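This report goes through selected features of the chain shown below, from a strand to a sheet and then to a pair of helices.

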Amino acid sequence: MPNFKILAVFISLLFFPFEQIAGQGEADSLLHLLRSSRKQEKILVLHQLTRHFTSSNGTLALKYANDAISLAEELNMPEEKATAMKNRGNVYFYMGSYRLAEESYLEAIEIFELTGNLDGAAKVYNNMGVINSRLGYYEKSLQYYQQSINIKETLGDKRGIAATANNIGEIYKFKGDYQNALLSYQKSHELKKELDDKQGMANSLNNLGEIYSLWNDYEKAIDFYLEANSIFSDLGNLQSISVSYHNIGELYHKLENYDLAKRNYLKALETQTELGDRGGMVHSLKNLGSIYIKTNELDAAQQSFLEALTIAQELEDKTGIASILNYFGRLNTIQKDYKAAINKFNQSLSINKELGNPYGIANNHNSLGKVYLQLNNYPMALSHYYACLEIADTLKIINIVQNTYEGIAGTYQEIGNYEKALYNYAIFQEIKDSLLTAQKHNQIAELETKYQAEQKEKEIKLKDIELEKNATEIKQRKFQRNALLLGISLVFLLALAIYRSYIQKQRANIILSDQKAEIEEKNLEITDSIRYAKIIQNALLPHPEFIKELFPDSFIFYRPKDIVSGDFYWFAESGQYKYVTAVDATGHGVPGAFISLLGFNLLNTIFKEYKNIGAAEFLNQLNIGFSERMFKTFEKEALRDSMDLAICRIDKDNKQLEYAGAYNPLWIARNGEMIIQKADKLSIGSFTEYPDRQYTPHKIQLEKGDMIYLFSDGYADQFGGPRSKKFMYKQLKALLLENYQKDTLTQENILDQNFKAWRGDQEQIDDILIIGIRIT
């Protein structure tokens, strides 16, 4: 009886009883053990102390992790050292130092694989996936998760496979690929069911419910939430129960029953506060603020958003920060502070683009469309509305599609183009009609549920029955519920709503199918435009004959990931000086290509204005010029694009090289060794943030036969090989040293063959550029 389940989930979650869970610290006993243990035993205690303090005292946890590493090295216990490295990575992760966490994890993986501890390696690969997800590197995250699953399948670790499959589902959900997210969650759920992992099953069911909620299929969403809640109820898991409250609150929110939405959000927040679940608090406070906007409680909305933003910033939760900034922009719009609203929306859009969050990007464009419409800036309004529509239609986010068509219609009406206004309004109305009747029925049912809730509150005061479990358990209160008559009425209303919703959704699907065909045609046009852009970009690159004239014995290994590239190379000559640079612009594809065009222009401009300019001063001028152009409108908060590069000025008369680098180093192969000149850790584009920092010049006397290498990070970061690992700089250095004495054409071919063999059938994850120059 699915409809009775729908009724039950709404009623049961309004008054869900839960246990108080308490835990006791073990620090004192562990410290006592540390003082009294022998050295080999101390390592195990240090591991436990690190784990104990990981989330509560990062500084102390790091001390214990480093002590464990030192002791493991002293006792020559590599596996214990790897475990300590992994634990240290976990500490850095909790502290938000993701780069340092990644370094520790990579060292741990290397040791685990050398010692044959595949289980340890699989767990750390999973952690690497989590880190790259937080950093917004979703392709890398998926690669690491896949490595973890591959090992776990070899070991037959079904529990580990289930956990990582769930993580993969989270990545697909965040990318807006809901179909693949659904498949990953289903795989995770089936394995957890096979293992009888109740907690894991309930979590997967909640995730499945969230996907159907995003698709506006509320019947299936409620069904999954109900099943999850039933398991959570049996387990008495407070944190999971708070998730159920939150999910039900979101459903009421979508159905515009703000009173019940607020009630469930507040119950979720109360539980999260009790548990110290700050990540959950961010979501509940943010959604409460949205409810307060709807109910015109603007002061309460601002307070909720401020609390949420404070916590999100402390947690370095970029996704949460972007979402809250968008809500803040909506609040500013209502307050008619349009300048502040646009600033907030653009900050949010910048973060969402950095993270690759299509749902967030669609919301940002929709919000910007609305504010520009109010400012009578119709071209900007339409630009943002159509950008939103392209994403929302692809993701099948019907509510956003509906709202966007309404905004487009309103814009054309203000312009006076009534034909287009009528056309878009008709689409808006068609989609609205497909949802409206179902919503009315749901609202009636929800009013009845609200009445039921008020009656139950009165009954609770009269029918409180306390049940003693045992001396160590906390008392629970359960209330007798008698809602059969009301339940039958609600079942009838909900069944009617579901039937009406099904019929009307078919009409919406026909409209969306036509729109999909139109979008596919537009995508073909866009692809053709991008291919033409590739021709333009290739025309800007230095001609091969010019490069051979400057450096006769040289090669360029250049492999863009997409049609156009973010990596590029630049050569020039002025008097006795020859210039060469390898540039890695933010991202790849179209965004990276736009950054590369700006980089080309700036390099040429600086070269013309400053004759015989040194390498370091070249980077200083490039940093200033790039920052001024990228951040001139919204300053440094608006855009996070940058370039990493290495540049050399070679004095051909004196054979002296001057190098400067922004993150990218210089390598010189000489006499069987690789000379490595490290770069400054300062990207091009950081001038507005660090105006006083300058790039460091490095001068090197060249010798005949020296082989100079400049490169981006694409080759070293490529996943492949038998275990789907990164190639890494260590292997790249060995490959170049092994072959640097061969002619440059052979070196290029070896790099190409090795890359194809390493990558296999895996996707290329980034643009690749390696420049090799022999000094003759």
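Which side chains of strand 10 (residues 698-701) point to one face and are buried, and which point to the other?

The model is predicted. In strand 10, His 698 and Ile 700 are the buried residues, and their side chains point to one face.

Strand 10 runs antiparallel to strand 7 (residues 656-662), and 4 bridges join the two. Across this pairing, Lys 699 of strand 10 has Glu 658 opposite.

An open sheet is built from 5 strands in the order 3-14-11-8-9, with antiparallel pairing. Strand 3 (554-559) and strand 9 (673-677) each have a single partner strand and stand at the edges, so one side of each has no neighbour in the sheet. From one strand to the next, the twist averages 15°.

The partner of strand 3 is strand 14 (residues 768-774); the two run antiparallel and are joined by 6 bridges. Within strand 14, Leu 769 is the bridge partner of Tyr 558. Helix 30 (residues 744-759) packs on the sheet, where it touches strand 3, strand 11 (707-711) and strand 14. The direction of helix 30 makes about 20° with that of strand 3.

## Helices 9 and 10

Helix 9 (residues 158-175) and helix 10 (residues 178-194) have axes that come within 8 Å and cross at roughly 160°. Angles over 145 degrees count as roughly antiparallel, and helix 9 and helix 10 are therefore roughly antiparallel to each other. Their crossing is left-handed.

On the helix 9 side, the residues making the contact include Ile 161, Ala 162, Ala 165 and Ile 168, along with Lys 158 and Glu 170. On the helix 10 side, among them are Tyr 178, Ala 181, Tyr 185 and Leu 191, together with Lys 187 and Glu 194. Sorted by class, this contact of helix 9 with helix 10 has 9 nonpolar, 5 polar and 6 charged residues.

## The chain as a whole

The chain has 30 helices and 14 strands. Of its 776 residues, 53% are buried. Among contacts in the chain with a separation of 6 or more, 65% are between residues 24 or more positions apart.

Key: Residues are numbered from 1 along each chain as its sequence is written. This is a predicted model: local features need pLDDT of at least 70, side-chain atom pairs count only at pLDDT 80 or more; totals for chains, interfaces and linings use all residues. Side-chain values use heavy atoms; hydrogens and water are left out. Axes are lines fitted to C-alpha atoms, for helices over the stretch in contact, and angles run from 0 to 180 degrees between N-to-C directions. Angles under 35 degrees count as roughly parallel, over 145 as roughly antiparallel, 65 to 115 as roughly perpendicular and the rest as oblique. A crossing is left-handed if the near helix is turned anticlockwise from the far one by less than a right angle, and right-handed if clockwise. Contact means heavy atoms within 4.5 Å. Ala, Val, Leu, Ile, Met, Phe, Trp, Tyr, Cys and Pro count as nonpolar, Asp, Glu, Lys and Arg as charged, and the others, Gly among them, as polar. Two strands pair if DSSP finds at least two bridges between them. Buried means under 20% relative accessible area, exposed over 50%, partly exposed in between (1.4 Å probe, protein chains only).
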